[in-house]
Every structure is written in C-alpha cells, then in structure tokens.
Amino acid sequence: MSWLEAIVLGIVQGLTEFLPISSSAHQSIVGQLFFGGHDPGAAFTAVTQLGTESAVILYFARDIGRIISHWFQALFGRIPRNDPDARMGWLVIIGSIPIGVLGLLFEDAIDTSLRNLWITVAMLAVFAVVLWIADRVAKNSYELTQLTWWDGIALGFAQALALIPGVSRSGATIAGGLFLGYKREASARYAFLLAIPAVFISGLFKLKDIPDDPTLSWGPTIVATVIAFVIALGVIHWLLKYVSKHTFSIFVWYRLGLAAVVASLLLTGVLQP
C-alpha cells in the first residue's frame, strides 16, 4: 500500500464509519476502483477503525467517563445498581456480546467470501430499504435513558449484522433503534457507544495480521488511522445535529445509488467481485 492509497482510504474511513452507508463497503470499492483492483482487506479496515472509535471516545469523553465511573461504583455498592449510567455500562457490555461471538465464529468468512462485491451490492440495497422502512414507522418517542435490557440485546444483534460489508454498523443499530421506537439521536448515540468495545477488540485483534499481509505496512496504516480519527470527529458532530432535525432519506438514496453504480461496474468488468 502506497502513502497516497493510505491517505485516500483514511479519508474514506473517517467520512463513512459513522454515516449509515457502510465504511467497509467504501473501503473495498475505493480500493478496487482506484488502486489497481486491490481490496485493502479486513485487517486494514479493522485497524483504521481504531482511529474512528478513538474519535468517539474523545467526543463522548465526559459521558464515557461518567458511565465507567458509575459502573464501577455500582459494582461495589457505592451507588444504586439501577443508576442510569451504571445501567448503560451493562447495556453496552451485554450488547457487545453478539458481535464478539459471531465475529470469532465467522472470522474466515468475514475476511474472505463475505467481502465479495456482489454481497456488498445486495447489502447496500437491502439495508437501504430497511433503513427507509425504519424511518417511516419510527415513533421517535423514547430517550436513551429508557433503553431496556431486551432492547439493548436486540440492538447488539443488529450491530452484529455489520460483520457483512455493505450493512453498516451504525446503520443497522440505528435502524434497530428506530424500529423499537427510540429517537433518531438516541439511536445514533447508542450506536456510537455500542461500537466502542467491538471495534477496539476487533482492531487490536487484527493488529497481528498487518505484518503477515504483503500489501500492508505499518507506516501507511498508521497514517490512514490518524486521518480517519481527525475526520471522524467532525462527522460525529455533524451527524448528531443532522439526525435531530432530519430523516435518513439522504442516506437511503445514496445507498441505492451506490449499489446501482457498483453493480454496473461489476457487470461491465470494471470491478471484480
């Protein structure tokens, strides 16, 4: 991977990680379209996501610090166990289990067969429709403090769908939250918090694969990760403000358009599955 490729892919990662349009799909598409048919691979994607999730930690530092503090205090009986922040800590932990278990069980498929671009096209289109339906039936009535244990687990399974490129981690979790009646901003916030354990564990686990991949090296990978971090900070701020006043229609149409373009490029042989 060249420095230019790393810079471009870092920008792509930062722009797309938190929008409901699938960062892994964009990494694969951009990599193959502009860099000689080279898919950056699951390891590069997972490691650069450490940058975007670091942006989440910085952006929500006060909330995360309070959640961790209250979780430990409740664990040792210093504050009530039903404290909202302590409860949120447990919800994030429990909600992270599905993607962790399924990620380990299907690691080989995630790294290989599921990165087929025809699967990506299908997921872009299917989950565009899912997001559109969720937006239309959403009650937009529940706050994040009203999140139940069962809803937290259900959203954990929704997040696990993002193991398939084209689904979108934030998109699947947000759609799940909308179906369950939560407000758009609340669904987005929980999607950000829920992603932290899964992404960091996955990214740290995949660090070992970087030296074994002949197409990757540490320098460009680190540069891409830092760029993704910087850009993601702005994207998080923009998305939270946007969804508080708008529907997800713009992302639905974007996903459908991208699916159509990629399908055309595959059919004409410009891209290879």
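Among the elements around the second largest cavity, α10 gives the most to the lining, with three residues. Helices here are DSSP runs of H or I with at least four residues, numbered from the N terminus. A cavity is a set of points on a 1 Å grid over the protein atoms alone where a 1.4 Å probe fits but cannot get out, and lining residues have an atom within 4 Å of a point. The model is predicted, with local features needing pLDDT of at least 70 and side-chain atom pairs pLDDT 80 or more, while totals for chains, interfaces and linings use all residues. Residues are numbered from 1 along each chain as its sequence is written, and side-chain values use heavy atoms, without hydrogens and water.

The second largest cavity holds about 40 Å³ of space, a volume being the space filled by probe spheres set on points joined across faces, edges and corners. Its lining includes Glu-17, Arg-169 and Phe-192.

The largest cavity also has a volume of about 40 Å³. Phe-127, Val-130 and Ala-172 are among the residues that line the largest cavity, and α7 (117–137) and α9 (169–179) each give two or more residues to this lining.

Of its 28 lining residues, Ile-110, Leu-163, Arg-169, Ala-198 and Ser-202 lie nearest the centre. Here α10 provides the largest share of the lining, six residues.

Methods. On a 1 Å grid over the protein atoms alone, a cavity is a set of points where a 1.4 Å probe fits but cannot get out, and a pocket is an open set with protein on both sides within 12 Å along at least five of seven lines; lining residues have an atom within 4 Å of a point.
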